[in-house]
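Visitor: I am new to this structure and would like to learn how to read it. Could you walk me through it, one feature at a time?

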Amino acid sequence: QAAGDPVITEVQDWNRYPGDGVDVHPYGMPSQFEADVVRRNVAWLTADPISSINFTPLHSLDGIITPNGLCFERHHAGAAVIDPKEHRLMINGLVDKPLIFTMEDLKRFPRYNRVYFLECAANSGMEWRGAQLNGCQFTHGMLHCVMYTGVLLKDILNEAGVKTSGKWVLAEGADASAMTRSIPLDKAMEDCMVAFGQNGEALRTEQGYPLRLVVPGFEGNMWVKWLRRLEVGDEPWQQREETSKYTDLLPNGKARRFTFAMDVKSVITNPSPQAPITHGKGRTVLTGLAWSGHGTIKRVDVSIDGGRNWHTARIDGPSLSLALHRFYYEFDWDGSDLYLQSRAIDEKGYVQPTKNELRATRGENSIYHNNGIQTWYVNKDGVAENVEVS
Ligand code: MTE
Ligand code: CO
């Protein structure tokens, strides 16, 4: 092969002619050969793309940071376009001094940089009753992880002075969706941020430019985008998104409410249905993501035989609290059928459950908070499929 490989023996165009000059791409874009690395929608999931979702292409990414242009989008009334000069953040309710901040005011508070995952509570929701969508982009892609730059919510709440009767904070968005969520004051004071930066640049429009709330480890719906108002109160407001939505209807007819922290979860991103094994048997790299709304990931186990035998995966890259963790398992594929699974364990000792364990306690009504173990079946040709094993 090496003797006659034309890529080596013949001079190629890119070797003969100069490429684009420095002024051609003032804002750089990915290589044209990466054109299929894009967010994708599942058309039948929602009635209209205005109140809809697209999914992060997890099977095409590596490391722990999601590129800005590939962060999944979820909005209930389209992506609002707001001139930062005309954006205000108001604080009212049980405070000593109601305040209104401009973006410039906010940027004069001490700034912090924190890497956090965001997972929509509905991620994997379509999989509650059985394997459905063929690809980790669709089963697990309501997930991203970026470095936020912003100010601590605590600092601006303290500026307004929270009254001792204040126990909850209502966050309200400026878009047309009337997005409003009640956040416990303890969480607001612990680690929430009001962010204007995402991976070193300004937030993207889709992520709530110019300002979004960051609620580390908690369900994505609480991370109000286009944040315009914070009200301090003494009890939760029981808004639409915390009553009829984002609650889990249990078999006994009662609902689990305020399931804020996203439980420990993981998924194998390669191989997977959109990323089959194309190289045949032999040396194979398996990789995936693990995360927990309760802290860092302590360990990830991988099975290639549907959960009979488990191997400890290798976590590589920073292990940051409430951020994605990247794991790898390198093995020698003998070409036989594979049933791939990953199981994450977080720093609190929580172990990711099987889907059947989850159904045994929560029933089958829910579409939210599904952190069950995912199985990919890989046949001898390397083709992968979403399945369940019992
Ligand atoms: N904030 C506003 N103002 N409007 C919205 O529609 N969607 C929420 C939340 N914040 C939403 C919002 C939901 S359900 C999720 S999962 C996250 O934003 C999604 O964040 P992303 O679009 O940056 O991925
Ligand atoms: Co959501």
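Visitor: By class, how many nonpolar, polar and charged residues does the lining of the largest cavity have?

Guide: Let me begin with the ground rules. This is a predicted model, in which local features need pLDDT of at least 70 and side-chain atom pairs count only at pLDDT 80 or more, while totals for chains, interfaces and linings use all residues. Residues are numbered from 1 along each chain as its sequence is written, chains are lettered from A and ligands numbered from 1 in the order in which they are written, and side-chain values use heavy atoms, with hydrogens and water left out.

Guide: Now the idea behind your question. Rolling a probe the size of a water molecule over the atoms shows where empty space is left. On a 1 Å grid over the protein atoms alone, a cavity is a set of points where a 1.4 Å probe fits but cannot get out; a pocket is an open set with protein on both sides within 12 Å along at least five of seven lines; and lining residues have an atom within 4 Å of a point. Here the lining of the largest cavity has eight nonpolar, seven polar and six charged residues. For these classes, Ala, Val, Leu, Ile, Met, Phe, Trp, Tyr, Cys and Pro count as nonpolar, Asp, Glu, Lys and Arg as charged, and the others, Gly among them, as polar.

Visitor: Which residues lie nearest the centre of the largest cavity, and how much space lies in it?

Guide: Look for Arg74, Arg212, Gly220, Trp223 and Lys225, which lie nearest the centre among 21 lining residues. The space comes to about 240 Å³, where a volume is the space filled by probe spheres set on the points, and grid points are joined across faces, edges and corners. The count gives four cavities of 30 Å³ or more.

Visitor: And what is the volume of the largest pocket?

Guide: About 360 Å³. Its lining has 16 residues, with Leu45, Thr46, Arg74, Ala122 and Ile367 nearest the centre. By class, nine are nonpolar, three polar and four charged.

Visitor: How do I read a sheet, and in what order do the five strands of the open sheet come?

Guide: Strands of a sheet pair through backbone hydrogen bonds, either parallel or antiparallel. Two strands pair if DSSP finds at least two bridges between them; helices (H or I, at least four residues) and strands (E, at least two) are DSSP runs, numbered from the N terminus. The five-stranded sheet runs β4-β3-β12-β7-β8, with mixed pairing. At its edges are β4 (99–102) and β8 (180–184), each pairing on one side only. Within this sheet, β3 (residues 88–93) pairs with β4 in the antiparallel sense over four bridges, and leucine 89 has phenylalanine 101 of β4 as its bridge partner.

Visitor: What is the order of the four-stranded sheet?

Guide: That open sheet reads β15-β16-β20-β19, and its pairing is antiparallel. The edge strands β15 and β19 (314–316) each pair on one side only. Between β16 and β20 (residues 325–333) there are nine bridges in the antiparallel sense, and arginine 283 has aspartate 332 in β20 as its bridge partner.

Visitor: Where does proline 210 lie?

Guide: Proline 210 sits in the loop between β10 (201–202) and β11 (212–214), and the peptide bond from tyrosine 209 to proline 210 is cis, with omega near 10 degrees. Another cis bond joins asparagine 270 to proline 271, with omega near -10 degrees. Proline 271 is in the loop between β15 (265–270) and β16 (282–291).
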